[in-house]
Amino acid sequence: MKLTLRIWRQDGPRDKGKFVAYPVDDVAEDMSFLEMLDVLNERLTLKGERPVAFDSDCREGICGACGFMVSGVAHGPQKLTTACQLFMRHFKDGETVVVEPFRARALPVLKDLVIDRSALDAIVQAGGFISARTGSAPEANAMLIAKPVADRAMDAAACIGCGACIAACPNASAMLFTAAKVSHLGLLPQGQPERRQRALRMVAKMNELGFGGCSNHGECEAACPKGVSIDFIARLNRDYLGGSLLEKPEPLSNV
Amino acid sequence: MLAVLTSYRTLLGKKGAMAVTGAALFFFLIGHLLGNIQIFFGPQHLNGYAAFLKSTGEILWLLRAGVLACFLLHIYSSLLVTVANQQARPQGYATKRSLETSLAARTMIYTGSMVLLYVIYHLMMFTFLRTGPGYSPHDVYRNVVLSFQQPAISAVYIAAMLLLGAHLFHGAWSMMHTLGLSGPGYKPWRRMVGPAVAAAIVAGYISIPVAVLAGWVR
């Protein structure tokens, strides 16, 4: 099938950038979106043009490296799917597809579709350590965790940190990401001692990095390739507001 | 407790303040409606209620101060949050499709601003400038009827209540979510409660001008 790709091209972080249209005439419907971009890039290279820069790693939908906006939706029109697992059969012959990077002040564009996601690492880092003992594996039944609790913690831990929630949010808020990271620890006994302090620190960091606030639109959940629920945001809010009431405020240097 | 003030520095802290003040204003709306609705029991009932409110003296002023404080903190926080949200994405998308959000959710700042303008007008009419037609300080019933008999006043009132309804439609559930009153247990009814309560409040308020215009209350 034939597609017209309108792709955001930007030479570097300081370049203004613009959309460039690329007709691709022989898209196979069993290609993934990234494979189609590979084909386009081969041709651009042969013509002596700079190929389109985009991130990818596992191409199995589990690593969180890939991701960009496909016609206005993070990771494209298919629900619960990363861009690498988005197949071309979901597009119509003759369609024009707009491809642009995830946009947020805290996730600046480096080149074309590649963004700098180190802000997400900074949020996780702000959460700090857990005081649970590590080392050799503990005895399996030493700490009993109910199956529904373990399942919910796992649902939160499903977050791959791709940034789609931020890209989809009208406010470029990182609440779903932060909520997932706070909750997968906060639901388990090992995460209890620092549960509220962690929420306070990570939210403060998110704020400092220039992410927007949550208006409870629900766009993040709809865009999340892992289906992380906004229920975790409510949980984060509980931990954060509870922490505000119960925890001692930290010196500014720690936040 | 000090951390409450510290946490107000973050957007989530501001949203928390908006949720708490929003909840307070929500209850004020219900209380105000329960007062107004007494118009259907006749002049004596409504005027009696108004006289009772006035007789509470300092308590009434305390309540009014509380409502005003909630109103101001709600508005102040919403402005800070709106500005920060806009700054969070300096360069927008060429194409953006909404998957989940509602018109009500996206227009909160506008419906809120319109309600603010209406509240100012509303206070001018019956509390401060007393511009209402044929105003008399002790006959609330007559004031309401004379005002709503003017179709323009009723139309503005109904329009303002519909905007308020849009604000509450998203606000009620957003408030619960921000305060953490959401989760798997709440899921089946969380999307229902806000709209249902918002609709009930709006219908209650609008029933008064409709009844006056229809001649049921005169």
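Me: Which residues in α4(B) are buried?

Reply: In this predicted model, the buried residues of α4(B) are B:L60, B:C70, B:H74, B:S77, B:S78, B:V81, B:A84 and B:N85. As a general idea, an α-helix has 3.6 residues a turn, so residues three or four places apart point the same way. In this case, B:C70, B:H74, B:S77, B:V81 and B:A84 are among the buried positions of the helix.

Me: What covers the buried residues of α4(B)?

Reply: The cover includes α2 (11-36), α3 (43-55), α6 (108-126) and α8 (151-178), which belong to chain B.

Me: How far does helix α4 of chain B reach from its first C-alpha to its last?

Reply: This helix runs over residues 58-87, a total of 30 residues, and its end-to-end C-alpha distance is 43 Å. That value is close to the 44 Å expected at 1.5 Å a residue. The corresponding check can be made on α8(A), which has 16 residues: a reach of 22 Å is close to the expected 22 Å.

Me: How many residues of α8(A) are buried?

Reply: The count is 13 of 16, and the helix is thus described as mostly covered.

Me: Which residues touch the most other members of the largest nonpolar core?

Reply: The general idea is that, in soluble globular proteins, nonpolar side chains tend to be buried together. Here, the largest nonpolar core holds 51 residues, and A:L107, A:I166, A:L176, A:F211 and A:I233 have the most contacts with other members. At least two residues each are supplied to this core by α2, α3, α4 (164-168), α5 (175-186), α6 (195-208), α7 (219-223) and α8 (231-246) of chain A. The largest share comes from α5(A), with six residues.

Me: Where is A:I145 found, and why does it count as partly exposed?

Reply: A:I145 lies in the loop between α2 (118-126) and α3 (147-157) of chain A.

Me: Which residues make a nonpolar surface patch with A:I145?

Reply: A:M143 and A:V149 form the patch together with A:I145, and its area is about 210 Å².

Me: How many residues apart in sequence are A:K2 and A:G94, and how many Å apart in space?

Reply: A separation in sequence and a distance in space are to be read side by side. A:K2 and A:G94 are 92 residues apart in sequence, yet their C-alpha atoms are 5.2 Å apart. A:K2 itself is placed in the segment before β1 (3-9) of chain A. Leaving aside residues up to four places away in sequence, A:K2 touches A:V24, A:D25, A:K92, A:D93, A:G94 and A:E95.

Me: What percentage of the contacts in each chain joins residues at least 24 apart?

Reply: Among contacts between residues at least 6 apart in sequence, the value for chain A is 70%.

Me: What percentage of each chain counts as buried?

Reply: Of the 255 residues of chain A, 54% are buried; of the 218 residues of chain B, 40% are buried. Carbon and sulfur atoms hold 53% of the accessible surface of about 11,400 Å² in chain A, and 73% of about 11,800 Å² in chain B.

Note on methods. Residues numbered from 1 in each chain as written. Chains lettered and ligands numbered in written order. Predicted model: local features only at pLDDT ≥ 70, side-chain atom pairs only at ≥ 80, totals over all residues. Heavy atoms only, no water. Patch = residues over 30% accessible without salt bridge, like charges linked within 9 Å, V, L, I, M, F, W, Y side chains within 5 Å. Areas by Shrake-Rupley, 256 points an atom, 1.4 Å probe, with all protein chains shown as cover. Salt bridge = Lys/Arg side-chain N within 4 Å of Asp/Glu carboxyl O. Helix = DSSP H or I, 4+ residues; strand = E, 2+ residues; numbered from the N terminus. Expected span 1.5 Å × (residues − 1). Buried < 20%, exposed > 50% of the residue type's maximum accessible area, 1.4 Å probe, protein only. Contact = heavy atoms within 4.5 Å. Core = buried A, V, L, I, M, F, W, Y, C linked by side-chain atoms within 4.5 Å.
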